[in-house]
Amino acid sequence: MSTTMDPRVTVSSALLPAPPSYGFRGVVARTVIARILRGVPVTARLSTGEVYGAPLAERRPVLEVTRPQAFFARLGQSPMIGIGESYMAREWSVGEGTDLADALAPFAERLTDLIKPVFYNLRHTVLPRGLNPANTKEGAKKNIEAHYDLSNEMFQQFLDPTLSYSSALFDTLENPPTLADLEAAQLRKVDAILDSAGVTTGSRVLEIGTGWGTLAIRAAERGATVTTVTLSVEQAALAQERVDAAGVAERVEIAVRDYRDQAGEFDAVVSVEMIEAVGEEFWPEYFRKVDSLLAPGGKAVIQAILIAHDRLVATRNTYTWIHKYIFPGGMLPSTDAISQVTRRHTSLHVSNIRPMGLHYAHTLRLWREQFVQNWQSVQQLGFDDRFCRMWEFYLAYCEAGFRTGYLDVAQIRIER
């Protein structure tokens with residue numbers, strides 16, 4: 001496990017461009033934002049004294065726009081990227097007493113109405129093209145390294161002791177879960193996947209996407225033998241340390257290997273929030289590979305972040321802030337897409353879907369609370385202020401999506 005920051009983390013600063021000139025697009029963006037805020041319960045207060053939306057006396061999320069011309073210029077150039085870049089550059093923040101996810105949620109809730117499908121049909125006029133790298137074997141490795149090889153220590157600043165970087169499954173959501181609930185909820189999530197896949201003593205398990213080894217350890221503790229593959233060298237090294245410490249090394253093989261190169265026969269194939277990195281053009285190949293690796297009677301279970309199918313169709317070729325700064329090459333499937341691909345290209349079918357979107361909203365809230373609390377420690381690892389604001393925005397942005405139902409996550413069982 002490395003103790004120094006990988007030089008690539010400076011990408012947060014290197015990629016962040018200066019704001020474009022205000023110009024015509026900035027004027028248009030200002031007009032559009034003023035109109036949008038008449039119908040969204042968020043208020044924007046500009047440093048010039050202007051207030052868009054409801055009066056500040058009303059209790060609602062408040063955006064403090066400290067550099068209005070830069071803010072509107074970025075939005076005018078690329079609304080799908082500019083809002084996050086402007087936050088990274090401290091051109092806007094949330095007002096005192098306003099939570100960032102609370103400020104973003106009203107927009108996520110109304111996104112379908114605010115950004116019509118026609119906008120995506122005309123996206124070439126405002127969005128960069130051809131910038132989202134394809135997940136070929138070489139491209140996938142680079143895309144994974146750009147996120148997961150940042151620094152194990154950085155992830156440890158906000159994850160629970162299981163180092164699970166995926167949605168937890170809480171026992172109840174009657175009351176907001178706390179950080180004390182997170183570790184047990186992550187193990188409950190892993191156990192639910194293993195139960196759904198029928199993993200027990202003697203099972204041969206393939207995990208696509210190792211993470212930091214918790215699922216492999218949990219399966220081995222059930223008496224299974226596990227092969228787990230990843231493209232992240234950093235994750236593989238720490239996962240091996242954790243497998244060794246758990247005393248299950250003789251049952252677990254960790255390989256830095258593309259799933260397309262995996263061979264063998266397995267009773268269960270499991271994968272947690274990895275399909276988002278596969279890419280739509282490679283979904284048939286992914287599921288054909290799963291099909292070829294499953295033994296007779298075997299089951300596959302994937303935990304997948306999902307988007308509604310109509311939004312998938314409308315946005316499939318867009319390039320967003322998330323692609324540029326967080327998950328290059330990422331693409332969210334829909335349950336319809338997964339069902340269609342498995343039906344058309346494999347002998348498999350979807351046999352069970354367990355939605356858990358609100359569980360992810362709470363997971364992300366707890367991660368963000370930890371990240372912000374440990375902000376100084378993250379910076380001491382060598383990450384700059386823009387990187388920290390980038391990750392704060394990313395976690396809040398995703399929380400808002402799951403909280404409002406724009407995004408979902410589910411455990412999906414697939415079998416013959």
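Two strands are said to pair if DSSP finds at least two bridges between them, and strands (E, at least two residues) and helices (H or I, at least four residues) are DSSP runs, numbered from the N terminus. This is a predicted model, in which local features need pLDDT of at least 70 and side-chain atom pairs count only at pLDDT 80 or more, while totals for chains, interfaces and linings use all residues. Residues are numbered from 1 along each chain as its sequence is written, and side-chain values use heavy atoms, with hydrogens and water left out.

Strand β3 (residues 62-65) has a partner in strand β1 (residues 43-46), to which it runs parallel, joined by 4 bridges; here Arg 45 stands opposite Glu 64. Strand β3 also pairs with strand β4 (residues 92-94), in the antiparallel sense and over 3 bridges, and Leu 63 has Val 94 of β4 as its bridge partner. In a regular strand the side chains alternate between the two faces of the sheet. In β3, Val 62 and Glu 64 point one way, Leu 63 and Val 65 point the other way, and all are buried, where buried means under 20% relative accessible area, exposed means over 50%, and partly exposed lies in between (1.4 Å probe, protein chains only).

On the surface, Phe 24, Val 28 and Val 32 form a nonpolar patch with about 270 Å² of accessible area together. Such areas come from the Shrake-Rupley method with a 1.4 Å probe, and for residues only the protein chains shown count as cover. Val 28 lies in helix α2 (residues 23-36) and is partly exposed, at a relative accessible area of 33%.

Thr 318 sits in the loop between α14 (309-315) and α15 (321-325) and is buried, with a relative accessible area of 6%. Its C-alpha atom is separated by 8.7 Å from that of Met 80, although the two residues are 238 residues apart along the chain. A polar atom of the Thr 318 side chain lies 2.7 Å from the backbone oxygen of Thr 315.

Conventions. Patch = residues over 30% accessible without salt bridge, like charges linked within 9 Å, V, L, I, M, F, W, Y side chains within 5 Å. Salt bridge = Lys/Arg side-chain N within 4 Å of Asp/Glu carboxyl O. Polar contact = N/O pair within 3.5 Å; in protein donor to acceptor, adjacent residues only side chain to side chain.
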